[in-house]
Amino acid sequence: MRINRIGLKLGAVIIALFIIILTFLGLVIDRVFSSFYHTKMKEDVQDLATHFASMAKSHDTSSEEMMQTYADFSNVSIYLIHLNTGDPISLGRLKIQDAEFLQPSDLAGLRAGHSLFREFAAQDGESYFVSARPVPEEGIAIYVLSSMQSMDESLRRVRSYLLLSGGGAFALALGFTYVVSQILSRPMVQMEQATRRIAKGELETRVEVRSSDEIGNLGAAINDLARDLQHYRDTRQEFFANISHELRTPITYLEGYAKVLTDGLYDSEEEKVQYLTIIYQESLRLSRLIHDLFELSKMEEGKIHLLMEWLDLSELAENSVQKVQLKAREKGLSLHYEKADIPLVYADGLRMEQVVLNILENAIRYTEQGTIRVRLSAQPESVHLIVEDTGRGIPQEELPYIFERFYRVEKSRSREHGGSGLGLAIVKKLMELQGGTVEVASEPGAGTRFVISLPTSGPA
Ligand code: ADP
């Protein structure tokens with residue numbers, strides 16, 4: 001058994017506390033009982049002595065008889081002594097034993113009319129309460145001796161009950177502590193084992209959460225951690241698979257066409273230019289892909305620095321629209337911008353332009369005919385920039401995934417359009433970093449609407 005188990009430590013603390021409390025309680029109860037018995041016997045002996053003294057004064061012969069009878073039936077001994085000489089008087093059946101309890105100093109006090117009370121230990125080892133009363137009228141003093149044996153016995157009995165109940169309570173505490181420490185430490189041990197398995201890479205491991213207290217919360221947190229790690233591992237694997245696929249495609253083109261050219265496998269100068277154009281476009285795509293990947297990884301590691309400032313989103317949107325106007329015109333699309341009065345927003349101007357351009361370029365890329373409309377709308381606590389197109393749209397079931405890295409709705413066709421599949425992932429990340437959001441709604445065949453939103457509240 002390991003000494004530093006939490007259950008053992010906790011158990012030791014509880015047991016130590018129990019022992020301290022039980023010892024303290026035992027001592028207090030013992031003291032209370034001892035002093036109770038002591039006081040009670042002292043009072044009884046003193047009362048008896050007073051009573052016998054008044055009986056002795058009455059000159060009644062039956063009193064002497066009564067004293068004798070009382071002495072026979074109780075554990076008290078009664079002695080009479082001469083006040084003058086201090087000698088014991090033999091009274092009928094009252095036995096005169098070795099009057100060792102008599103102390104020469106007693107007599108002076110008794111002669112002066114004082115009563116006395118003291119404890120006395122006989123040579124045979126027994127202890128007594130001694131109470132004496134002078135009866136000057138008779139020239140005698142009455143001594144009443146009461147053995148402490150019965151009191152000691154009662155106290156012994158009380159102590160043995162105390163010890164017994166203390167032992168019982170201790171055993172109960174031991175059992176209780178064992179159960180509690182088991183209940184407390186078992187989930188801890190399970191959690192320890194689970195975290196070790198998770199650390200070894202067994203990410204499917206889960207802790208059984210049975211309670212909603214701190215231990216339960218810790219278990220739930222370990223499960224969340226395992227789930228996150230599992231998700232991270234899965235997405236990382238998927239991400240690497242995607243990267244290699246994305247890189248392999250343009251590289252295959254580059255290799256193929258470069259070989260065709262070096263081997264002179266072309267028929268005309270025109271064909272040669274065509275192959276060179278493909279090589280140029282593919283290398284452009286490769287460099288864009290690498291640039292986007294680099295950007296995204298910097299953002300995810302929190303390594304990009306944002307230059308946050310108060311900016312006019314309407315001006316930024318207008319500029320962006322102008323930049324892509326030519327592309328739209330080339331494709332025969334009409335691009336409208338609707339100016340609106342909106343409050344300033346707190347954002348990074350260059351990054352916001354990157355976001356808006358990305359969404360606008362997508363709208364142009366995935367729209368064959370019709371209109372692209374850009375509008376702004378002031379909301380109670382934010383500003384919305386809306387880009388609507390009349391393009392092919394995105395199927396409802398694909399909408400939740402379009403912000404994921406390398407996700408494309410029509411896999412091969414959008415690659416043809418020259419996209420890296422990272423544009424919207426970058427948009428989403430940038431909006432999050434600036435405290436904003438990006439949402440999409442779409443109807444296949446009718447068009448798509450992107451809404452980016454930025455709060456007007458500024459820095460917190
Ligand atoms: P890509 O570089 O391929 O455009 P994005 O991340 O920008 O990658 O977009 C992801 C996918 O979302 C695109 O491949 C496309 O299928 C879809 N998409 C984005 N914008 C639109 C749009 N305006 N209309 C239709 N589909 C869109």
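**The spaces inside**

Author: Let's start inside: the largest cavity holds about 440 Å³ of space. A cavity here is a set of points on a 1 Å grid over the protein atoms alone where a 1.4 Å probe fits but cannot get out, and lining residues have an atom within 4 Å of a point. The volume is the space filled by probe spheres set on the points, which are joined across faces, edges and corners. Before we go on, a word on the source: this is a predicted model, where local features need pLDDT of at least 70, side-chain atom pairs count only at pLDDT 80 or more, and totals for chains, interfaces and linings use all residues. Residues are numbered from 1 along each chain as its sequence is written, and side-chain values use heavy atoms, with hydrogens and water left out.

Back to the cavities: the structure has 2 of 30 Å³ or more. Around the largest cavity sit 26 lining residues, and Asn362, Tyr366, Ile394, Val409 and Leu424 are the ones nearest its centre. Helix α8 (349-365) gives the largest share of that lining, 5 residues. At least two residues each come from α8, α10 and β12 (447-455); helices (H or I, at least four residues) and strands (E, at least two) are DSSP runs, numbered from the N terminus. Sorted by class, the lining of the largest cavity has 10 nonpolar, 10 polar and 6 charged residues. For that sorting, Ala, Val, Leu, Ile, Met, Phe, Trp, Tyr, Cys and Pro count as nonpolar, Asp, Glu, Lys and Arg as charged, and the others, Gly among them, as polar.

Now for the open kind of space. A pocket is an open set of grid points with protein on both sides within 12 Å along at least five of seven lines. The largest pocket has a volume of about 660 Å³. Its lining counts 21 residues, with Thr235, Leu296, Glu300, Glu404 and Arg405 lying nearest the centre. Two or more lining residues come from each of α5 (214-262), α6 (269-300) and α10 (423-433), and α5 gives the most, with 8 residues. The lining of the largest pocket has 9 charged residues, along with 8 nonpolar and 4 polar ones.

Where does the largest pocket lie? Domain 2 (214-299) and domain 3 (307-455) both give residues to its lining, so the pocket lies between them. The chain also has a domain 1 (5-153), and these bounds come from an automatic or database domain assignment.
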